[in-house]
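Subject: Structure handover and notes

Hello,

I am passing on the structure below, followed by my notes on it. Please read the notes with the model open.

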Amino acid sequence: MTARKLLIGGKWVDSSSGKTFPTINPATEEKITDIAEATVEDVDRAVKAARAALEGPWGSMSAKDRGKIVWKIGELLMHKVDEVASLETADNGKPIFESRYIDVPVTADCFQYYAGWATKFCGETIPIGPNSFNYTLREPIGVVAAITPWNFPLLLAAWKVAPALAMGNTVILKPASWTPLTALKLGEICQEAGLPDGVMNVITGPGGTIGMALANHPGVDKIAFTGETNTGKSIMKSGADTLKKISLELGGKSPNVVFADADLDAAAKGASIGIFYGKGEVCAAGSRLFVEAKVHEQFMDKLLSRVEKLQPADPMDPKTRMGAIVAKKQMDKVLEYIDIGKKEGAKLVSGGESVKVGGKGYYLKPTVFDQVDNKMRIAQEEIFGPVLATIPFNDVDDAVAKANDTIYGLASAVWTRDIKKAHAFAKKVKAGTVWINTYNQYDAASPFGGYKQSGYGRELGIQALEMYTQTKTVWVDLT
């Protein structure tokens with residue numbers, strides 16, 4: 001693998017400055033390799049390469065042939081699943097079980113889902129009147145910059161790259177600096193699948209310079225960003241000068257609501273998965289657990305018995321279900337929030353400390369706070385780690401009010417045997433996704449995105465195609 005280079009215009013090249021930065025395995029604290037640190041000049045080179053490909057062979061390729069290539073990308077991901085999964089786990093620290101059996105297969109499925117849309121998302125004829133022929137065309141937006149986070153480095157790249165390519169756009173992928181390896185591998189796979197030079201470009205480097213350079217560049221037509229809310233706001237401001245199309249999937253503080261009439265065993269399992277899957281480094285994590293007061297003690301006993309069995313371990317062990325936090329800086333941030341929770345008066349009932357596995361690594365025990373007030377910082381601010389804030393509520397109205405009392409609105413869940421109550425909650429909660437008696441369910445066909453400061457636009461499903469196309473109206477005078 002040409003891990004340390006940039007992919008620009010179909011060639012693997014060094015940064016124009018020659019600089020590199022290390023990517024670290026968070027489970028071992030050891031350097032995996034050095035990565036090229038792109039410059040603003042490299043951004044310009046990538047934009048020009050993407051524009052040339054858009055106006056060249058890619059722009060003239062049929063939708064059917066585009067779809068075949070996008071499908072092939074998915075096939076190749078599965079042919080290389082063990083290699084790709086190992087890279088993802090080494091770079092991010094997530095368990096190999098998640099990388100091998102969830103992230104890579106779901107990524108491949110995403111490419112193949114959108115491959116099918118290449119020939120099916122199209123314009124329409126409009127019956128204006130007898131003297132006019134009126135129709136619309138669906139055309140690619142152009143050069144798309146996909147800026148992706150470190151928690152699901154490969155999967156969240158696919159959420160942007162797959163629909164963008166299927167609709168005929170060219171792409172510049174800028175992965176998070178902590179986890180660049182699978183983005184670079186995806187670049188190799190795209191080449192192997194037959195993408196023309198310049199259609200897929202991968203540039204690595206700090207978001208503060210490279211990401212903002214993409215947002216400022218007049219040759220970039222659209223920014224697709226997943227990451228922190230404040231960074232999303234900065235991208236919006238930077239993109240305003242050129243009126244870029246922008247879609248944002250940002251932070252979350254998702255409410256997971258358990259009513260007294262729920263299947264409490266299933267809800268306890270769902271609450272644990274909701275916050276501790278992916279080490280809590282999940283934008284839609286159920287980090288606020290609301291439990292109806294009358295079953296609070298009973299439910300917490302069930303939850304804590306599960307949590308105590310969930311311990312950090314070597315991510316490369318197939319039996320591991322909780323790996324290493326992505327980086328020391330992130331671990332320190334989470335530990336700081338744990339201290340804040342204690343100072344605010346929340347009751348720490350499980351975890352709350354870092355550990356080593358084999359004397360190394362950035363690991364945190366799964367952490368549960370009880371007796372949390374919804375106004376506390378640990379209940380309002382996105383921690384992005386394995387920390388659960390448990391909050392009591394009295395009735396449906398109280399649950400809805402507390403669930404909506406946040407700047408975020410990405411996801412939510414409700415656990416109840418009363419289907420009317422479940423649907424009523426789903427209607428009233430301000431969130432882009434509502435899970436009923438489940439958590440963390442996703443599919444390429446089902447749209448995902450946020451309300452309020454969790455962003456706007458939808459990824460996945462047919463709705464995502466709106467973000468990667470523009471409509472042209474054509475009038476023909478028949479008189």
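This is a predicted model: local features need pLDDT of at least 70, side-chain atom pairs count only at pLDDT 80 or more; totals for chains, interfaces and linings use all residues.

Residues are numbered from 1 along each chain as its sequence is written, and side-chain values use heavy atoms, with hydrogens and water left out.

Helix 6

Helices and strands are DSSP runs numbered from the N terminus (H or I, at least four residues, for helices; E, at least two, for strands). Helix 6 covers residues 155-166, and its end C-alpha atoms are 16 Å apart, in agreement with the 16 Å that its twelve residues should span at 1.5 Å a residue. The expected span is 1.5 Å times one less than the number of residues. Twelve of the twelve residues are buried, so helix 6 is largely enclosed by the rest of the structure. Buried means under 20% relative accessible area, exposed means over 50%, and partly exposed lies in between (1.4 Å probe, protein chains only). Among the buried residues of helix 6 are Trp159, Lys160 and Pro163. Just after this helix, Gly168 has a positive phi of about 95 degrees.

Helix 11

Helix 11 (residues 296-307) also has its length checked: twelve residues reach 16 Å from first to last C-alpha, close to the 16 Å expected. Its buried residues are His296, Phe299, Met300, Leu303, Leu304 and Val307. They cover an arc of only 125 degrees around the axis, which puts them on the same side of helix 11. The arc is taken from the directions from the helix axis to the C-beta atoms. These buried residues pack against helix 10 (264-276) and against several strands, including strand 12 (255-258), strand 13 (288-292) and strand 18 (387-393). Contact here means heavy atoms within 4.5 Å.

Asn256

Asn256 is placed in strand 12. At 1% relative accessibility, Asn256 is buried. With neighbours within four places in sequence left aside, its contacts include Gly270, Arg288, Phe290, Trp415 and Tyr439.

Surface patch

Phe133, Val476 and Leu478 make up a nonpolar surface patch with about 240 Å² of accessible area together. Patches take residues with over 30% relative accessible area and no salt bridge, joining like charges within 9 Å and nonpolar side chains (Val, Leu, Ile, Met, Phe, Trp, Tyr) within 5 Å. Areas come from the Shrake-Rupley method with a 1.4 Å probe, and for residues only the protein chains shown count as cover. Val476 belongs to strand 22 (residues 469-477) and, at 30% relative accessibility, is partly exposed.

Salt bridges

The whole structure holds 25 salt bridges, each being a side-chain nitrogen of Lys or Arg within 4 Å of a carboxyl oxygen of Asp or Glu. Asp103 pairs with Lys94, with the closest N and O atoms 2.5 Å apart, and both residues are buried. Glu292 and Lys294 form a salt bridge at 3.9 Å, N to O; Glu292 is buried at 8% relative accessibility, whereas Lys294 is exposed at 68%. Glu381 and Arg377 meet at 2.9 Å, N to O. Glu381 is partly exposed at 26% relative accessibility, and Arg377 is partly exposed at 38%. Elsewhere, salt bridges that share partners join Glu83, Lys185 and Glu188 into one network.

Regards
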